[in-house]
Amino acid sequence: MITYVFSIGSVLYRRITAPELLPTCAWSLGKWGIPVNAAGVLYAMHAFFWCFWPEGTPTDLESFNWASVMFIAVTILSMIDYVVRARKQYKGPVVLVEGWKGE
């Protein structure tokens, strides 16, 4: 859910602040684009928040929802991997391919 918040939120932010910087698209929701994206971000934030709660109380090791621990662990490991290795290997998307006529 957090990836949806970041991706939809980034597009929504750009649509509101500087829509001329967005690339042209094959189809558009028109005037409904911003409300639909806002609803998507709100839903994803709501789902992300509630996915970490336990199914019931009181909690013990058997009934504890370990999703929060796993999320934090994966986030920390991903940041360490990025700092140590990945930032040196990343090659961005291909923007222009010479000789391609787009047919």
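Contact is taken here to mean heavy atoms within 4.5 Å. The structure is a predicted model, in which local features need pLDDT of at least 70 and side-chain atom pairs count only at pLDDT 80 or more, whereas totals for chains, interfaces and linings use all residues. Residues are numbered from 1 along each chain as its sequence is written, and side-chain values use heavy atoms, with hydrogens and water left out.

By that criterion, I2, Y4, V5, I8, G9, V11, L12, R15 and I16 of helix 1 meet G33, I34, N37, A38, V41, A44, M45 and F48 of helix 2. Classified by residue type, this contact comprises 13 nonpolar, three polar and one charged residues (Ala, Val, Leu, Ile, Met, Phe, Trp, Tyr, Cys and Pro count as nonpolar, Asp, Glu, Lys and Arg as charged, and the others, Gly among them, as polar). Helices are DSSP runs of H or I with at least four residues, numbered from the N terminus. The axes of helix 1 (residues 2-17) and helix 2 (residues 33-50), which are lines fitted to C-alpha atoms over the stretch in contact, come within 9 Å and cross at roughly 150 degrees, on a scale that runs from 0 to 180 degrees between N-to-C directions. Because angles over 145 degrees count as roughly antiparallel, helix 1 and helix 2 are assigned to that class. Their crossing is left-handed, a term used if the near helix is turned anticlockwise from the far one by less than a right angle.

One salt bridge is found in a search of the whole structure, the criterion being a side-chain nitrogen of Lys or Arg within 4 Å of a carboxyl oxygen of Asp or Glu. The side chains of D81 and R85 form a salt bridge with an N to O distance of 2.8 Å, and both residues lie in helix 3 (residues 67-89), four residues apart, or about one turn of the helix. D81 is partly exposed at 32% relative accessible area, and R85 is likewise partly exposed at 39% (between 20% and 50%, with a 1.4 Å probe and protein chains only).

The loop between helix 2 and helix 3 contains P58, and the peptide bond from T57 to P58 is cis, with omega near -5 degrees.

Terms used
Helix = DSSP H or I, 4+ residues; strand = E, 2+ residues; numbered from the N terminus. Parallel < 35°, antiparallel > 145°, perpendicular 65-115°, else oblique.
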